[in-house]
Amino acid sequence: MATLAQTEQDFTRLPDLPAEVFTAPLKKPDRVGDDWLEPEQTQYSSDDDAIWNDLFQRQMKVLPGRAASAFMAGLDKLDLSRGGVPEFGRLSEELDTLTGWSVVPVPMLIPDHVFFWHLANRRFPAGNFIRTRETFDYIQEPDVFHDVFGHVPMLTDPVYADYMQEYGRAGWKAMRYNRLKALGSLYWYTVEFGLLQEADGIKAYGAGILSGPTEVVYATEAKSPNRIMLNVDRVMRTDYVISDLQPTYFVIESFEDLYRQTVERDFDQLYKSLGPGFTYANTAVIDVDHVVNHGSLEYTLRGGRGSGAAPA
Ligand SMILES: [Fe+2]
């Protein structure tokens, strides 16, 4: 079988992972193959569909005027408001007509190299389960609501769709250099928590923001967080928190700019220049930054989620 280096430009098949390349030790359920795809999508109950509908309605109270227009347009194009957990077959047909993407069910978080491979082939892996009423507000692992409601509408935008594929194509190289954390920061601050400058203000396009009720308002309107124009090199050197609101967001001027900044950067050179352990703190504003809002960091300094501080 081919190695990561040999197959860096050949995404037709999964390569063998060399022993020295780190990957999280995930336990693969017996029913899934090397591609980690579920044999079929879960048959959701009417209670599950009701959870989807309630989550959907909750988001629709906060998203208009705060979510990127491309995201709102994507919800419409895919008719995601029709009710119940979407059926992936139909969703994929519609997405295929628009941008050539599909949505595929996976049991859980999947190994990095497999995830990259699906993205490189314009397949978006989505969790094959939905949260319960008990975990309605916060879940550790991304479920079908986060993955489909949060991510899939943006895949109807042609330039964003190309960016996601390029992101996947960049993955194996990051693994080979052992710089997955740097590439992960880029995903975090764009795909999950990205902001976009639109004519009438700053809007959110990141799925981590758009799939929950609190961060949508905080990310776009609160005084606490820093908002800094995206610079790929800077972002890939920046740390991030996974279980609280972000102290800093990065803003793009357009999806074209995001795409261009990413494909034009020579990642070989970048990875060679990165110290293995170095990152900027996620609260830092540094001299190269083009700052949109210098945040008060009040929410973070008061102790964040655990302290009961208001996300103001
Ligand atoms: Fe996500």
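**Figure 1. The left-handed crossing of helices α6 and α11.** In this predicted model, helix α6 (residues 158–176) crosses helix α11 (residues 255–264) in a left-handed sense, a crossing being left-handed if the near helix is turned anticlockwise from the far one by less than a right angle, and right-handed if clockwise. Helices (H or I, at least four residues) and strands (E, at least two) are DSSP runs, numbered from the N terminus. The two helices pack at an angle of about 25°, with their axes 9 Å apart, which makes α6 roughly parallel to α11. Axes are lines fitted to C-alpha atoms, for helices over the stretch in contact, and angles run from 0 to 180 degrees between N-to-C directions; angles under 35 degrees count as roughly parallel, over 145 as roughly antiparallel, 65 to 115 as roughly perpendicular and the rest as oblique. On the α6 side V159, Y160, D162, Y163 and E166 meet F255, E256, L258, Y259, T262 and V263 of α11, where contact means heavy atoms within 4.5 Å. By class, this contact has seven nonpolar, one polar and three charged residues, with Ala, Val, Leu, Ile, Met, Phe, Trp, Tyr, Cys and Pro counted as nonpolar, Asp, Glu, Lys and Arg as charged, and the others, Gly among them, as polar.

Residues are numbered from 1 along each chain as its sequence is written, and side-chain values use heavy atoms, with hydrogens and water left out. Because the model is predicted, local features need pLDDT of at least 70 and side-chain atom pairs count only at pLDDT 80 or more, whereas totals for chains, interfaces and linings use all residues.

**Figure 2. Helix α6 against helix α7.** Helices α6 and α7 pack at an angle of about 165°, with their axes 9 Å apart, and are therefore roughly antiparallel to each other. The crossing of α6 past α7 is left-handed. From α6 the contact takes Y160, Y163, M164, Y167, A170, G171, A174 and M175, and from α7 it takes L180, L183, G184, L186, Y187, T190 and V191. These residues divide into twelve nonpolar, three polar and no charged. In the loop between α6 and α7 (180–192) is N178, whose phi is near 55°, a positive value in a residue other than glycine. N178 is exposed, with a relative accessible area of 57%; buried means under 20% relative accessible area, exposed over 50%, and partly exposed in between (1.4 Å probe, protein chains only).

**Figure 3. The largest nonpolar core and the surroundings of L183.** A nonpolar core is a set of buried Ala, Val, Leu, Ile, Met, Phe, Trp, Tyr and Cys residues joined through side-chain atoms within 4.5 Å. The largest such core has 94 residues, and those with the most contacts inside it are V148, L183 and Y271. Helix α6 gives the most to this core, with nine residues. When neighbours within four places in sequence are left aside, L183 is in contact with F116, Y167, A170, G171, A174, M236, F267 and Y271. In soluble globular proteins, nonpolar side chains tend to be buried together.

**Figure 4. Helix α1 crossing helix α5.** Helix α1 (residues 46–62) and helix α5 (residues 144–151) pack at an angle of about 40°, with their axes 11 Å apart, which makes α1 oblique to α5. Their crossing is right-handed. W52, L55, F56, Q59 and M60 of α1 make the contact with V144, F145, V148 and F149 of α5, and the residues of this contact divide into eight nonpolar, one polar and no charged. In the segment before α1 lies W36, which is buried, with a relative accessible area of 5%. The phi of W36 is near 60°, a positive value in a residue other than glycine.

Figure 5. A70, in helix α2 (residues 69–77), is buried, with a relative accessible area of 17%. Not counting residues up to four places away in sequence, A70 touches P153, M154, T156, D157 and F255; A70 and L155, 85 residues apart in sequence, are 9.3 Å apart in space, C-alpha to C-alpha. E198, in strand β3 (residues 195–198), is buried at a relative accessible area of 15%, and with the exclusion of residues up to four places away in sequence E198 touches A68, S69 and K203. Y138, found in the loop between β2 (123–127) and α5, counts as partly exposed at 41% relative accessibility.
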